[in-house]
There are 2 protein chains.
Amino acid sequence: MFQTVELGQKLSKREFKQQELVLWGNLLTLQQRLRKEGDFPVLIDFAGVRGAGKGTSVNLLNRWMDTRWIVNHAFTRPSDEEADRPTFWRVWRRVPPKGQIAIHMSGRYSRPLLDYVYGKITPTEFTHELDRINNFEKALADDGAMVLKFWMHLSRDLQKKRLKQLENDPLRSWRMLPEDWKHWEMYDKFIEAAERIISYTNTGHAPWEIIEGEDFNYRSIRVGEIFQRNLERHLVTEQIRKKYLSEMREEVQTTLSEITPPNGTGSPVITIMDGLDLSLSLDKKTYKKELAFYKAKLAGLNQKAVQQKISTTLVFEGPDASGKGGAIRQITNALDARFYKVYPFAAPTDIEKAHHYLWRFWNCVPRAGRMTIFDRSWYGRVLVERIEGFAGDDEWRRAFAEINDFEDQLLEHGIVLLKFWMHIDKDEQLRRFKAREDTPHKRWKLCEEDWRNRERWDEYSLAAHEMIQQTSVKNSPWILVENQNKPYGRIKVLKSICGALERVVGD
Amino acid sequence: MFQTVELGQKLSKREFKQQELVLWGNLLTLQQRLRKEGDFPVLIDFAGVRGAGKGTSVNLLNRWMDTRWIVNHAFTRPSDEEADRPTFWRVWRRVPPKGQIAIHMSGRYSRPLLDYVYGKITPTEFTHELDRINNFEKALADDGAMVLKFWMHLSRDLQKKRLKQLENDPLRSWRMLPEDWKHWEMYDKFIEAAERIISYTNTGHAPWEIIEGEDFNYRSIRVGEIFQRNLERHLVTEQIRKKYLSEMREEVQTTLSEITPPNGTGSPVITIMDGLDLSLSLDKKTYKKELAFYKAKLAGLNQKAVQQKISTTLVFEGPDASGKGGAIRQITNALDARFYKVYPFAAPTDIEKAHHYLWRFWNCVPRAGRMTIFDRSWYGRVLVERIEGFAGDDEWRRAFAEINDFEDQLLEHGIVLLKFWMHIDKDEQLRRFKAREDTPHKRWKLCEEDWRNRERWDEYSLAAHEMIQQTSVKNSPWILVENQNKPYGRIKVLKSICGALERVVGD
C-alpha cells in the first residue's frame with residue numbers, strides 16, 4: 001500500500017513558492033464560499049508516521065486560510081474528563097458547525113491503532129472499532145459533512161533519519177517522545193495496522209489520501225491541492241444533493257399519499273400503547289409510603305453509583321402533559337444536586353442546528369458516577385421531527401440505526417440507560433390542558449403548539465410505536481409507564497430505576 | 001423490541017379478501033412498472049421465528065405477482081459446492097438482475113444467528129459478521145437496489161402452540177424439524193440475537209420490518225402492504241436519484257476541470273511504475289532452464305494445494321500488449337486442466353450489466369483446491385470504467401472499499417490471492433502493436449480500442465498508481481512485474497506463485 005508513496009517525489013523551492021501562491025488564493029476563496037454557500041461542516045484528519053509532516057501540513061493549511069473559521073485539535077492521552085466517557089465523546093465535541101473547518105491530529109484512529117499494535121485488542125475487536133468509526137463518518141457524511149483523511153507516510157529508513165535529526169537538534173530535541181524509538185522498532189507492525197485501517201475505512205464519503213512525507217515542498221503542496229479539490233467538489237455536489245433530497249422528499253410525500261394513505265389498511269390499528277392499563281392507580285396513602293421508601297432507596301443506590309463511578313442516563317418521552325416533568329422532579333428530589341443534571345430539550349438553537357442532530361446530546365453524556373436526565377431527547381428525531389417534516393423520510397429512517405449505535409456506545413461504556421415512555425390517553429391530555437389553562441401558575445406550560453400537536457395524536461402514537469419497536473433492545477428497553485394516575489406512574493418510574501441500579505451496584 | 005408485535009392484531013376473512021384484491025392489482029401493476037421503468041433489482045429477505053408465517057407470506061407474494069420475474073430461494077445447510085467457498089458466494093449468486101425480484105428465506109442472516117445462539121462465535125465476531133452483511137447491503141443499495149427485510153415474530157407461548165399443532169397434524173407433521181423443540185427451549189437466546197441483528201442492520205437503505213405473525217390474515221396483508229409501499233417509493237426515488245447522480249457527475253467533471261485540471265500540479269508526476277527497472281531481462285538459456293524448473297515446481301505445489309483443498313486466485317492487469325496472456329499460458333501449461341480455470345474479462349454482457357459489477361466475479365470464485373486465473377478483473381472498475389467514464393466519480397471512488405471487502409472475504413476463507421501488474425513502457429507497447437499488425441496470426445489481437453486506450457496512457461498510469469496504493473494490503477499485495485522482457489516477467493510471475501504456495505502448502 002505504501003510502496004506508491006516511497007518514490008522520492010520532490011518540488012524545488014521555486015516550484016513550491018509558485019504553487020503555494022496559487023493555492024493560497026484558491027483556498028481563501030473556497031473558505032469564503034464554504035462560509036457563505038456551504039451548508040456543511042468540513043472535518044479533516046491527519047494520521048500517519050511520526051515525522052512525516054502532520055504538524056507542518058496543519059500549520060500550512062491554517063496559514064493558507066482564515067484561522068477564525070478553523071478549529072485545530074490535537075488529540076493526546078484522554079483527559080480524566082474524557083476517560084470518564086465513551087471514546088467518541090471527545091470526537092463528537094470537536095465536530096465543527098456548518099460552514100467551518102476542523103482539523104484533527106491523531107484523532108479517532110489513534111487509539112485503536114495503538115491498542116492493536118500493542119496487542120491489547122484482537123483483530124476482530126480492531127475491526128469492530130473501525131466499524132464504529134465508519135458509522136461515525138457515515139452519520140456525518142449522510143448529514144452533508146465533508147470528511148477527508150490524510151495519511152502521512154515515511155519509509156522505515158527515512159523515519160530513522162528524521163528521528164536522529166530531531167534528537168541531535170538542540171532546538172527541537174525536546175519534541176522527542178519517550179516512545180519514539182520504541183515505535184520505530186515496531187515499524188512493520190504499525191504499517192500492517194495502517195493498511196488495515198486504510199483499506200477498511202477508505203469509503204467514498206470519507207476517503208483516505210496517502211501522502212509521501214519525505215519532501216516538505218512536495219507533501220505540502222499535495223495536501224493543499226487535495227484539500228482544495230475535495231472542498232471544491234463538495235461545494236458543488238452538496239448543493240446538488242440538497243436539491244435532490246428535497247425533490248425526493250416532496251415526491252415521496254405526494255406519490256405515496258396518493259396511492260397508499262399514511263394510515264393505510266395494513267398499518268397497525270392497535271399500537272403497543274393501546275395495550276396499557278391506564279386504570280392502574282395508587283391511593284394517596286400507599287403513594288406516600290412508597291414514595292418515601294423508593295426515594296430513600298434511590299438516594300442510597302445513587303450514592304453507591306457515585307462511589308463506584310457508574311453513570312446513569314434516564315430518558316423521558318411522552319405526549320405533552322403526560323407528566324414527564326413531575327416524574328423527573330420526584331427523582332431529583334431524592335438526589336444530591338452535585339451528582340445529577342437535568343436537560344430539557346426543545347427546538348434546537350442556532351448553533352445546534354448547525355450540527356448533526358446527535359451532537360447536542362453527545363455533549364450531555366455524563367461523567368463517571370453522574371446521573372443525567374433527559375426531558376425529551378434524541379428521540380425527537382423520530383417523533384416530532386418526523387411528524388412535523390423537519391427530518392426527511394430518509395433522515396428519520398436512518399436515525400434508528402444511528403440512535404442504536406449511539407446508545408450501544410453508552411452501554412458499552414457501562415452507563416445504565418433507562419428509557420421511559422410516559423403514557424396518558426387523549427381525554428386525559430385534554431383534562432390536563434384545561435387544568436393548565438385554569439391554573440394561573442401553570443398556564444405558562446401550555447402553548448399553541450401543544451394544541452397543534454394534539455391534533456396529530458394518532459400520527460404521534462404510530463411514530464412512538466415504531467420507535468419503541470426499533471429501539472428497544474435487551475440492555476436498554478423502553479419502559480412504558482401508565483401515567484394516567486400520576487402517583488402510580490411516578491412509583492413505577494422510581495421502582496424501575498432502583499431495580500436497574502440494584503442490579504449494577506448491588507443492594 | 002418484539003413487545004410491539006405481540007398485540008394480537010387480526011383481520012377478519014372478509015377484510016382479508018377485500019384488501020387482498022386491492023393488493024393483488026397494485027402489486028401486479030408495480031411489478032410491471034419495475035420491469036419496464038425500474039432500473040434496479042429488488043431483494044426481499046424473510047427471517048424470524050419458526051411458525052410465524054415466512055413460508056405462507058412468500059407464497060402469497062408469488063401469488064400476487066407474476067412468478068416469471070420472481071426468484072425464490074430457501075437457504076438451507078450449505079451444499080458442498082457452497083461450503084467450499086466464502087459465505088457470501090451463495091448469496092451473491094442469488095442477487096436478481098435489474099427489473100426482477102428475489103425472495104430469500106433464511107438467507108444471509110441465518111448462519112450468524114445460529115452460530116451466535118450456539119455460542120460458536122463471540123459477540124464481537126457476531127458483530128463482524130453483521131458488518132459484512134451491512135457492507136453487502138450497502139454495496140447493492142449504492143448501486144440502486146431495493147433491499148427490504150421482514151422479521152416474522154411469534155411470542156414464546158404462541159410458538160409452542162404452533163409447534164404442537166404441527167406435531168399433531170398427521171398431514172403436516174413431516175415438516176417438524178429435529179431441532180424445532182430444542183430451539184424453542186432456547187427462545188430467549190434467539191430473541192436476544194434477533195434484537196442485536198435488527199438494531200445493528202436496520203439501515204435506511206435496507207430496513208427491517210417486524211411483523212406480528214399470529215394471525216394469517218393480518219400478517220399477510222401487512223407484508224403485502226409494506227412491500228407495495230416500499231416498491232412504490234423506490235420506483236420514485238430511484239428515478240430521481242439516477243437523475244441526480246448524472247447531474248452531479250457532469251457538474252463535477254466540468255467544475256473540476258475548469259479550476260483544477262486532472263493532472264494538476266500536485267498530482268504525482270512520478271508513478272510507482274516509473275520506478276520499475278524495465279531493462280531487467282533473462283537470456284534464452286537461463287530462461288529455458290528456469291522455466292522448466294519453476295513449471296515443475298508449480299505443478300508439484302499445485303498438486304499439494306489440490307490435496308489440501310487450498311484455492312488460488314491470480315489476477316492479471318496491465319496495459320494492452322503487456323503480456324498478460326503469455327504469462328497465463330506458461331502457468332496453465334504447468335497445470336492439470338481439471339484443476340484450473342481461466343476467465344478473460346472484457347466488456348460485460350447484457351445480463352452482467354443488469355447486475356452489480358462485482359456479481360460476475362463472485363460467480364467465478366473457485367471451489368476448494370482449484371486455481372482461478374483472471375485475465376483482467378474487478379479492477380476494471382477503477383481502471384477502464386473510471387477512465388472511460390462508465391463508472392461515475394462516486395462509483396469508482398467507493399469501489400476501493402468494495403474491492404477490499406471482497407478480497408478480504410477471499411483471504412478470510414483461506415484463498416491464496418496474488419495480483420500481478422504486468423508492466424511495459426509506452427514505446428514497447430507501440431513495438432508490440434506494430435508486431436501484431438505485421439504478424440497475420442496475431443492481427444486479430446489488435447483493435448481500434450487498443451489505439452484509443454494508448455492515447456490515454458498517462459491517465460491509465462495514474463489510475464493504476466492509485467489502484468495499487470488503495471488495494472495493496474499485507475496479505476494481498478500487488479506484484480509489479482517488469483515485462484518489457486517477457487522471459488524475465490514470466491519467470492518473476494512463476495516464482496511469485498511458487499513462493500506464495502510454498503508458504504501455504506509447505507515445500
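Domain bounds here come from an automatic or database domain assignment. I noted that before anything else, and also that this is a predicted model.

**Entry 1: the two domains of chain A**

Domain 1 covers 3-243, and domain 2 covers 274-505. Then I checked the spacing: the C-alpha centres of domain 1 of chain A and domain 2 of chain A are 39 Å apart. The two domains do touch, with 16 residues from domain 1 of chain A and 17 residues from domain 2 of chain A taking part in the contact.

Which elements of domain 1 of chain A give two or more residues to the side that touches domain 2 of chain A? I found α4 (89-93) and α6 (123-142) of chain A. Of the contributors, α6(A) gives the most to that side, with four residues. I also sorted the residues on this side of domain 1 of chain A by type: eight are nonpolar, seven are charged and one is polar.

**Entry 2: strands in chain B**

Next I moved to chain B and followed strand β3, residues 101-105. Strand β1 (residues 42-48) of chain B pairs with β3(B) in the parallel sense, over five bridges. I picked out one bridge to look at: B:Leu43 has B:Ala102 as its partner in β3(B).

What about strand β2 (residues 70-74) of chain B, and how many bridges join it to β3(B)? I got five, and these two strands run parallel. Here the bridge I looked up was the one at B:His73, whose partner in β3(B) is B:His104.

My takeaway for chain B: β3(B) pairs with β1(B) and is also joined by bridges to β2(B).

Key
Residues are numbered from 1 along each chain as its sequence is written. Chains are lettered from A and ligands numbered from 1 in the order in which they are written. This is a predicted model: local features need pLDDT of at least 70, side-chain atom pairs count only at pLDDT 80 or more; totals for chains, interfaces and linings use all residues. Two strands pair if DSSP finds at least two bridges between them. Two residues are in contact if their C-beta atoms, placed from the backbone, lie within 7 Å. Ala, Val, Leu, Ile, Met, Phe, Trp, Tyr, Cys and Pro count as nonpolar, Asp, Glu, Lys and Arg as charged, and the others, Gly among them, as polar.
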